[in-house]
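Biologist: Hi! I'm new to this one, could you walk me through it?
Modeller: Happy to, let's bring it up.

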Amino acid sequence: MNELSLYILDIMENSVHADAKTAELIIDEAIQKNLLTIDILDDGRGMDKDILKRVYNPFYTTRTTRKVGLGIPLFKEQCELCGGDLVIESTVGKGTHLVGTMKLDSVDLLPMGNIVDTILTLAMNEMNVDIKYTHIRDGKRFIFDTREIKKVLNNVPINTPDVVIWMKEYIIEGLNNIN
Amino acid sequence: MKSLEELAKIREKAAKEMNIRNETHGYRIVVGMATCGITAGARPVLNTLVEEVQKRNLTDVKVTQVGCMGECALEPIVEVYSPDGARTTYCLVHPEEAKRIIEEHIIGGKIIEEFTMEYYHRKQAK
């Protein structure tokens, strides 16, 4: 994977499939501090200490279709390569919180890539999990929250193509405003 | 500026279309979106499918996601469920193939043989 936004999508798919009501992403680009922080929170089923110890191991997965789980080990490797780390906290029945950090001036830092498509893919999830996305760039912030969108949509599904295209333009515009 | 009023208008239009159509009569397109799919390029495939459906105003076509389908080496995988319930599994799908699936299979009603997983396995067996 050559975009951070793909790692984020991969990690957040876990939240979407963990019986969460809401999955939240906060990307903080603190240029002054030379620090990129990627915060991922959900209120899903969480993991106990045993599982938590094993999630960093690529040969651990809960899925039954194959035997390898690469999402978290790949993301952790990426953070460490860029002078940061990945910390995971989780409580059974309450949720999971991942914080990945990277130095912005690291030569190994991958480009963010298409974060808009990542958010759209998550927003269209089949489990009806709400997605909140906050992007902070040197203190300026943009917030996208599917709960706000669904309030307007009423009974119209959020994955209706016309709605997806509107959300796409909305996010692009919001991100341009904090540039 | 994109506004929520604009979204409300989209809602009105979509709600009308929902009343007219019968959901069970349309095609359903499913994209695998686990680590294997994402790594192989499933995200642009999903977004291309949604964009094509919107552009062509195919109001009875649903595009959805699913996890790992167990054939990780052949991702991105796209499944098409036709209105009569028949399933076609396409493998190694990228945005160009996705566009052709919309054009030839969804609109044209013709399965693209050479993109199917069945065809791939048959070719490998030879």
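Modeller: One term before we start: a residue is called buried if 20 or more other C-beta atoms lie within 10 Å of its own, and exposed if 12 or fewer do. Also keep in mind that this is a predicted model.

Biologist: Thanks! What percentage of chain A is buried, then?
Modeller: Buried residues account for 41% of the 179 residues in chain A.

Biologist: And how many helices and strands does chain A have?
Modeller: Chain A has six helices and six strands. Starting at the N terminus, the order is α-β-β-α-α-β-β-α-β-β-α-α. The radius of gyration of chain A is 16 Å, close to the 16 Å from the globule rule for 179 residues, so chain A is as compact as a globular protein of that length.

Biologist: What box do its C-alpha atoms fill?
Modeller: Roughly 40 × 40 × 25 Å for chain A, taken along the principal axes.

Biologist: What share of the contacts in chain A joins residues at least 24 apart?
Modeller: That share is 63%, counting contacts between residues at least 6 apart in sequence.

Biologist: Let's go inside. How many residues are in the largest nonpolar core?
Modeller: There are 74 residues in that core. M12(A), I119(A), M167(A), L49(B) and V78(B) have the most contacts inside it. Helix 1 of chain A, residues 4–16, gives the largest share of this core, with eight residues. As background, nonpolar side chains in soluble globular proteins tend to be buried together.

Biologist: Which residues is M167(A) in contact with, beyond its neighbours within four places in sequence?
Modeller: M167(A) is in contact with L120(A), A123(A) and I149(A).

Biologist: Switching to the backbone: where is the positive phi of about 60° in chain A?
Modeller: That is N128(A), which is not a glycine. N128(A) sits in the loop between helix 4 (115–123) and strand 5 (130–137) of chain A.

Biologist: Is N128(A) buried or exposed?
Modeller: N128(A) is exposed, because it has 12 other C-beta atoms within 10 Å and 12 or fewer counts as exposed.

Biologist: What about N57(B), what is its phi?
Modeller: Phi of N57(B) is near 55°, again a positive value in a residue other than glycine. N57(B) lies in the loop between helix 3 (42–55) and strand 2 of chain B. With 10 C-beta neighbours inside 10 Å, N57(B) counts as exposed.

Biologist: Last one: which residues does the cis peptide bond join?
Modeller: The cis peptide bond joins E75(B) and P76(B), with omega about -10°. P76(B) is in the loop between strand 2 (62–66) and strand 3 (78–81) of chain B.

Key
Residues are numbered from 1 along each chain as its sequence is written. Chains are lettered from A and ligands numbered from 1 in the order in which they are written. This is a predicted model: local features need pLDDT of at least 70, side-chain atom pairs count only at pLDDT 80 or more; totals for chains, interfaces and linings use all residues. Helices (H or I, at least four residues) and strands (E, at least two) are DSSP runs, numbered from the N terminus. The radius of gyration is taken over C-alpha atoms; the globule rule is 2.2 Å times the number of residues to the power 0.38. Two residues are in contact if their C-beta atoms, placed from the backbone, lie within 7 Å. A nonpolar core is a set of buried Ala, Val, Leu, Ile, Met, Phe, Trp, Tyr and Cys residues joined through C-beta atoms within 7 Å.
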